[in-house]
Amino acid sequence: MYRFLRHFFFPHETNNHRAKALHPDTMLVYILLLALFNFGFRYVHRQYPSILGYATDIRLSELLNLTNKKRAGLGLSELRLNAKLSEAAAKKASDMFSHNYWSHTSPEGKTPWTFVISSGYQYTMAGENLAKNFSNSSGVVEAWMASSTHRDNIIKPGYRDIGFAIVNGILNGEETTLVVEIFGASNKEEMIAQKPVPLSSGVSTEALGDQTPLIFFGAPSQEASKSFINSLTSVIQKPLINIPTMTRDIVFIFLGLLIGILIIDGFVVSKKRIVRVAGHNLAHIMFFLAISIALLLVKRGVLL
Amino acid sequence: MKKRWIPIINFIVLGIILSSTVLLFYGSRGNTSMQVLIGILLSVLYVTWGIIHHAMKGDLHPKVVVEYLLVGAIAITLIITVVWM
């Protein structure tokens, strides 16, 4: 065991004075293992999403409470959940999935206001916040508050009503949890939505089945429309293994080990004054540290 | 220029390459395809830097080139793993 560890991690005669872990053939094995890990994860996720998936817990009730808390903190009035604005948000989400776009304006030129008007809300002012791939409600609201343009919408004193749609689907080939938040103010007294449906009736990925075009918006009856809107009040997924966490753990452990081995290898070689044909350890360490910093900056949640 | 300054200048250049591409990477948050492209660019620049550095030092060997290529490939695989997972 000791010999194996020495051979693998330390420069020695047995490994031509270069830790075996840094030999080209071993590096090739790393690349193959990482590729296998990538494909394996994707395959298992497709086959068994309840085991390996994206942990998500976003609920309308929490989004509404958190948004109103932020407003209350600034002495602003609470926003009322509005059924028509929620319908507009649902239509917008459906349009984004069915036309595969991530933008405030659709490829056909439909603006958020198109959906607001078609839902029967006569606005004097309106706004839209979008978010995708966040794992929880507070993450969404905090990210919106950290972005000046989204924050402006949340704390605009003129808004009176708000509507949400939280939907899971496939956007640009990627499993996506979309949050559409539409704000509005109207001269007319608008219909206030009923209380959000109990959390247990929230839609999960499993419930949405294939997740592609979510809804048919032909001419739904008022009841059907209402029940549809109620069905978009949360996305809750609790897989056994959360893909982003698992991936990060594996990648950072690997990077840490690699940097550690490079440090030990460089230290031993420099101490023993060994002359060998090899790349520069310090450069590799700098490079992998830069990669680590870049990967630490990767966030799944995106705003628009 | 004195020869002993060359490695120092090379490492300063490497530092600039790494920090500027990491900043670019940060600037393209939310655009996963762009982040992967920047990751590939970072790796290509690193391999190029490695080859030039060893050529200037006078110890460029095919084994060294292969090592830099593999290090670059590992980095690209890691970036794809995290960004596209």
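**A tour of chain B**

We begin with helix H1 of chain B, which covers residues 5-27: its 23 residues reach 33 Å from the first C-alpha to the last, close to the 33 Å expected at 1.5 Å a residue. Keep in mind that you are looking at a predicted model. The buried residues of H1(B) are B:Leu14, B:Leu18, B:Thr21, B:Val22 and B:Phe25. What covers them includes helix H11 (281-296) of chain A and helix H2 (32-57) of chain B.

How far can we trust this picture? For chain B the mean pLDDT is 92, and 98% of its residues reach 70 or more. For the complex, the predictor gives an ipTM of 0.96 and a pTM of 0.78.

Now step back and take in chain B. Its secondary structure comes to three helices and zero strands, and along the sequence the pattern reads α-α-α. The C-alpha trace spans about 45 × 25 × 10 Å along its principal axes. Of the 85 residues in chain B, 36% are buried. If you take the contacts in chain B between residues at least 6 apart in sequence, 60% of them join residues at least 24 apart.

Leaving H1(B), you come to the loop between H1 and H2 of chain B, where B:Arg29 has its place. Is B:Arg29 buried, exposed or partly exposed? B:Arg29 has 15 other C-beta atoms within 10 Å, so it counts as partly exposed. Setting aside its neighbours within four places in sequence, B:Arg29 is in contact with A:Leu297 and A:Lys299.

Next comes H2(B). Its 26 residues should span 38 Å at 1.5 Å a residue, and because its end C-alpha atoms are 37 Å apart, the two values agree. The buried residues of H2(B) include B:Ile38, B:Leu42, B:Tyr46, B:Trp49 and B:His53. Among what covers the buried residues of H2(B) are H11 of chain A and both H1 and H3 of chain B. Just after H2(B), look for B:Gly58, which takes a positive phi of about 85°.

We can now turn to the place where the chains meet. How many residues does each chain bring to the contact? Chain B brings 30 residues and chain A brings 31. On the chain B side, the elements that give two or more residues are H1, H2 and helix H3 (62-83). H3(B) gives the most, with 16 residues. By type, the residues on this side of chain B divide into 19 nonpolar, seven polar and four charged.

Our last stop is the largest nonpolar core, which has 39 residues; those with the most contacts inside it include A:Phe287, A:Ile291, B:Ala75 and B:Leu78. Helix H10 (243-272) and H11 of chain A, together with H1, H2 and H3 of chain B, each give two or more residues to this core. Its largest share, 10 residues, comes from H3(B). To see one of its members up close, find B:Leu78: not counting residues up to four places away in sequence, B:Leu78 touches A:Leu34, A:Val251, A:Ile291 and A:Leu295. There is also a second, separate core of 38 residues, which includes A:Leu85, A:Ile154, A:Ala165 and A:Val179.

Definitions and conventions
Residues numbered from 1 in each chain as written. Chains lettered and ligands numbered in written order. Predicted model: local features only at pLDDT ≥ 70, side-chain atom pairs only at ≥ 80, totals over all residues. Helix = DSSP H or I, 4+ residues; strand = E, 2+ residues; numbered from the N terminus. Expected span 1.5 Å × (residues − 1). Buried ≥ 20, exposed ≤ 12 C-beta atoms within 10 Å, placed from the backbone. Contact = placed C-beta atoms within 7 Å. pLDDT = per-residue confidence, 0-100. Nonpolar A, V, L, I, M, F, W, Y, C, P; charged D, E, K, R; others polar. Core = buried A, V, L, I, M, F, W, Y, C linked by C-beta atoms within 7 Å.
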